[in-house]
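Try each task before reading its solution.

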Amino acid sequence: MNAADPSRPVGLLAELTHRCPLGCPYCSNPLELDPRQHELDTASWKRVFSEAAAVGILQLHLSGGEPASRRDLVELVAHGAKLGLYSNLITSGIGLTQMLVSKLAEAGLDHVQLSIQDSEPRSADHIAGYKGAFARKLEAASFVTEAGLPLTVNAVIHRANVRRAGAMVELAVRLGARRVEIAHTQYYGWGAKNRGLLMPSREEAEAAIGEVEALKTSLSGTIVIDHVAPDYHARYPKPCMSGWARRTLNVTPSGKVLPCHAAELIPGLEFWNVADHSLDEIWNHSPAFNAFRGDDWMREPCRSCSRKTIDFGGCRCQAFMLTGEARNADPVCHLSPHHHVVETILAEARDDTHPPQPYAYRRLRPSTAVRRERLDISAD
Ligand code: SF4
Ligand code: FES
């Protein structure tokens with residue numbers, strides 16, 4: 001594949017808003033969040049969905065922030081359904097009332113992915129930075145299943161909950177989920193900012209992997225378990241985004257189109273906006289989408305590596321964050337000349353000589369976005 005012959009995209013991640021009542025410290029949204037006044041309006045989002053269908057996109061992921069913060073969510077879902085797009089709502093559950101879920105189901109929503117932060121209420125609320133979040137999520141799960149919508153539970157694993165990975169799978173079963181995604185934290189955005197507080201030790205990560213893999217067997221036929229292994233502890237990197245600009249598009253709340261959620265951190269890339277270009281033009285011709293297509297950009301050891309068609313050299317954003325150069329091999333790879341950077345980070349994660357620090361909670365603006373319900377921040 002090359003820039004002249006890009007594959008057709010299959011998925012659109014529509015980040016409808018960056019507004020969110022929760023403050024999860026592992027959030028992969030950028031540190032600089034789009035304020036409400038910069039969000040695309042209803043007509044623009046509908047046009048984007050229509051353009052997505054026209055370029056052959058099949059799956060529409062409605063995300064954020066918290067997509068239920070948008071008052072036009074039902075209208076947007078209905079438009080996606082009219083276009084024949086398979087719609088998936090990725091939600092914290094906060095803001096999902098029974099009435100809203102039932103309207104979304106009527107409008108043609110196909111699937112709901114609900115995040116949980118832990119299986120223990122107090123810890124879950126602490127991680128979310130929102131008192132009562134856990135109880136509201138359980139309620140939201142019941143609204144979803146009562147409306148007959150298929151439910152997937154997402155749980156992000158990190159140091160504070162790594163010992164309860166199995167308990168979170170069991171919670172997902174109790175909530176009536178058909179599928180659960182247990183995903184070890186990826187360190188982008190707020191997750192990168194909080195990396196030192198989130199990174200489990202290798203022993204903790206391996207124990208969690210063993211627990212979840214055993215449940216895959218014992219709960220087979222009860223629930224499907226998707227397991228995203230911890231990146232930094234792996235021998236080879238993940239094939240991030242299934243390769244740069246090969247399968248999906250991300251549209252930010254203000255209409256910038258990105259090949260992945262973290263791409264804006266790579267300096268020198270030019271991102272086009274849906275206000276100025278169609279999705280078709282952006283997919284085929286925008287500089288950012290063509291920056292790392294194919295393998296002409298690759299350096300050694302990736303360039304002559306037999307795995308380059310499997311993992312595409314890993315993650316460009318992670319390569320930039322950890323080595324200062326996006327064209328380098330992802331340093332998670334043990335063949336990377338920069339792999340020692342990852343080894344150092346893991347060694348620091350095992351160093352308990354420093355007292356725990358408070359999380360840097362995700363927030364739109366420090367002075368205004370911390371809601372009254374938020375907990376005082378103190379590490380457990
Ligand atoms: Fe992947 Fe590059 Fe490592 Fe080969 S050298 S396994 S292509 S990251
Ligand atoms: Fe950007 Fe991996 S997150 S390429």
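A residue counts as buried if 20 or more other C-beta atoms lie within 10 Å of its own, as exposed if 12 or fewer do, and as partly exposed in between. Keep in mind throughout that this is a predicted model.

**Exercise 1. Cis peptide bonds**

Task: Which kind of peptide bond joins E300 and P301, and which kind leads from G64 to G65?

Solution: Take the glycine pair to begin with. The bond from G64 to G65 is cis, with omega near 10°.

Now turn to the proline. The bond between E300 and P301 is cis, and omega is about 10°.

**Exercise 2. The chain as a whole**

Task: How many helices and strands does the chain have, and why can it be called as compact as a globular protein of its length?

Solution: The count gives 14 helices and nine strands. The radius of gyration is 20 Å, close to the 21 Å that the globule rule gives for 380 residues, so the chain is as compact as a globular protein of that length.

The C-alpha trace spans about 55 × 55 × 50 Å along its principal axes, and 47% of the 380 residues count as buried.

Among contacts with a separation of 6 or more, 73% are between residues 24 or more positions apart.

**Exercise 3. Reading the sheet**

Task: What is the strand order of the open sheet, and which strands stand at its edges?

Solution: The sheet has nine strands with mixed pairing, in the order β7-β6-β5-β4-β3-β2-β1-β8-β9. β7 and β9 (257–258) each have a single partner strand, so one side of each is left without a neighbour in the sheet.

Go through some of the pairs:

- β8 and β9 run antiparallel and are joined by two bridges; N250 has L258 in β9 as its bridge partner.
- β1 (residues 11–15) and β2 run parallel, joined by five bridges, and A14 stands opposite L62 in β2.
- β3 (residues 86–91) and β4 run parallel with four bridges, and L89 is partnered by V112 in β4.

Burial can be read strand by strand. In β2, four of the five residues are buried; in β4, five of the six are.

**Exercise 4. A helix on the sheet and against a helix**

Task: Which strands does α6 lie across, and how does α6 pack with α9?

Solution: On the sheet, α6 lies across β4, β5, β6 (179–184) and β7, at about 155° to β6.

For the helix pair, two numbers are needed. Two packed helices are described by the angle between their axes and the distance between the axes. Helix α6 (residues 165–174) and helix α9 (residues 202–218) pack at an angle of about 30°, and their axes are 8 Å apart. A165, G166 and V169 of α6 meet A208, E211, V212 and L215 of α9. By class, this contact has five nonpolar residues, one polar and one charged.

**Exercise 5. Around the ligand**

Task: Which residues come nearest to ligand 1?

Solution: There are 14 residues around ligand 1, and C302, C305, R307, K308 and C333 come nearest. Sorting the shell by class gives eight nonpolar, two polar and four charged residues.

Note on methods
Residues are numbered from 1 along each chain as its sequence is written. Chains are lettered from A and ligands numbered from 1 in the order in which they are written. This is a predicted model: local features need pLDDT of at least 70, side-chain atom pairs count only at pLDDT 80 or more; totals for chains, interfaces and linings use all residues. The radius of gyration is taken over C-alpha atoms; the globule rule is 2.2 Å times the number of residues to the power 0.38. Two residues are in contact if their C-beta atoms, placed from the backbone, lie within 7 Å. Axes are lines fitted to C-alpha atoms, for helices over the stretch in contact, and angles run from 0 to 180 degrees between N-to-C directions. Ala, Val, Leu, Ile, Met, Phe, Trp, Tyr, Cys and Pro count as nonpolar, Asp, Glu, Lys and Arg as charged, and the others, Gly among them, as polar. Two strands pair if DSSP finds at least two bridges between them. A residue is near a molecule or strand if its C-beta atom, placed from the backbone, lies within 6 Å of it.
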